[in-house]
Amino acid sequence: MSIQVSEKAEGKILEIHISDKLTKEDYEHFVPEAERLIQQHGKIRILFDMTQFHGWEMAALWEDIKFDAKHHADIERIAMIGDKKWEEWMAKFCGPFTQAEIKYFDHEDAANAAPWLAEGL
């Protein structure tokens with residue numbers, strides 16, 4: 001599996017560590033967890049650690065688009081951690097597709113992602 005999911009801050013923060021290429025099966029693991037937390041809290045915050053991320057399989061990309069369309073208003077903040085220029089660009093590109101505040105953190109600055117995400121909880 002190329003995705004690991006864990007809850008923080010009593011389920012108000014969902015940490016997702018992704019590596020390799022995301023598959024449709026990864027979304028079958030991630031989406032129910034995210035939807036359960038959204039159901040419990042209304043809105044959640046997400047930390048994406050993409051340090052070893054290498055993109056999506058086509059079926060996974062479709063699952064990502066469906067999730068984003070369904071939950072564009074259910075996420076307050078997204079912290080994205082990466083180590084590649086395209087990942088920083090992706091964080092900026094996502095802005096119009098969500099109401100969440102998005103901030104990119106380079107891998108060397110990753111320690112600041114969780115505190116930023118938890119501000120005001």
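## Basis

Two strands count as paired if DSSP finds at least two bridges between them. Helices (H or I, at least four residues) and strands (E, at least two) are DSSP runs, numbered from the N terminus. This is a predicted model, in which local features need pLDDT of at least 70 and side-chain atom pairs count only at pLDDT 80 or more, while totals for chains, interfaces and linings use all residues. Residues are numbered from 1 along each chain as its sequence is written, and side-chain values use heavy atoms, with hydrogens and water left out.

## The sheet

An open sheet of 5 strands runs in the order β1-β2-β3-β4-β5, with mixed pairing. β1 and β5 (101-106) stand at the edges with a single partner strand each, so one side of each lacks a neighbour in the sheet. On average, neighbouring strands of this sheet are turned by 15° against each other, direction ignored.

β1 and β2 pair in the antiparallel sense over 6 bridges. These two strands form a hairpin with 4 residues between them, and Ala-9 in the turn has a positive phi of about 50°. β2 and β3 pair in the parallel sense over 8 bridges, with Ser-19 opposite Gln-52 in β3. β3 and β4 (residues 75-82) are also parallel, over 6 bridges; Asp-49 stands opposite Ile-81 in β4.

## Helices on the sheet

α1 packs on the sheet and touches β1, β2 and β3 (contact means heavy atoms within 4.5 Å); its direction makes about 15° with that of β1. α2 also packs on the sheet, where it touches β2, β3 and β4, and its direction makes about 160° with that of β3. Axes are lines fitted to C-alpha atoms, for helices over the stretch in contact, and angles run from 0 to 180 degrees between N-to-C directions.

The 18 residues of α1 (residues 24-41) should span 26 Å at 1.5 Å a residue, and the end C-alpha atoms are 26 Å apart, which agrees. The expected span is 1.5 Å times one less than the number of residues. Asp-26, Tyr-27, Phe-30, Val-31, Ala-34, Leu-37 and Ile-38 of α1 are buried, where buried means under 20% relative accessible area, exposed over 50%, and partly exposed in between (1.4 Å probe, protein chains only). Their cover includes β1 (3-8), β2 (13-22), β3 (44-56) and α2 (58-70). Just after α1, Gly-42 takes a positive phi of about 85°.

## Salt bridges

The whole structure holds 7 salt bridges, each a side-chain nitrogen of Lys or Arg within 4 Å of a carboxyl oxygen of Asp or Glu. Arg-36 forms one with Glu-7, the closest N and O atoms being 2.3 Å apart. This pair links distant parts of the chain, with Arg-36 in helix α1 and Glu-7 in strand β1, 29 residues apart. Arg-36 also meets Glu-33 in a salt bridge (3.0 Å, N to O); both lie in α1, 3 residues apart, about one turn of the helix.

In α2, Lys-66 and Glu-63 are likewise 3 residues apart, and their side chains meet in a salt bridge (3.2 Å, N to O). Lys-66 is partly exposed at 38% relative accessible area, whereas Glu-63 is buried at 16%. Salt bridges that share partners join Glu-7, Glu-33 and Arg-36 into one network.

## A buried charge

Which side chain of opposite charge is nearest to Glu-15? Glu-15 lies in strand β2 and is the bridge partner of Ser-6. Glu-15 is buried yet has no salt bridge, and the nearest side chain of opposite charge, Lys-8, is 4.4 Å away. Lys and Arg count as positive and Asp and Glu as negative, with His and the chain ends not counted. Not counting residues up to four places away in sequence, Glu-15 touches Gln-4, Val-5, Ser-6, Lys-8 and Leu-47.
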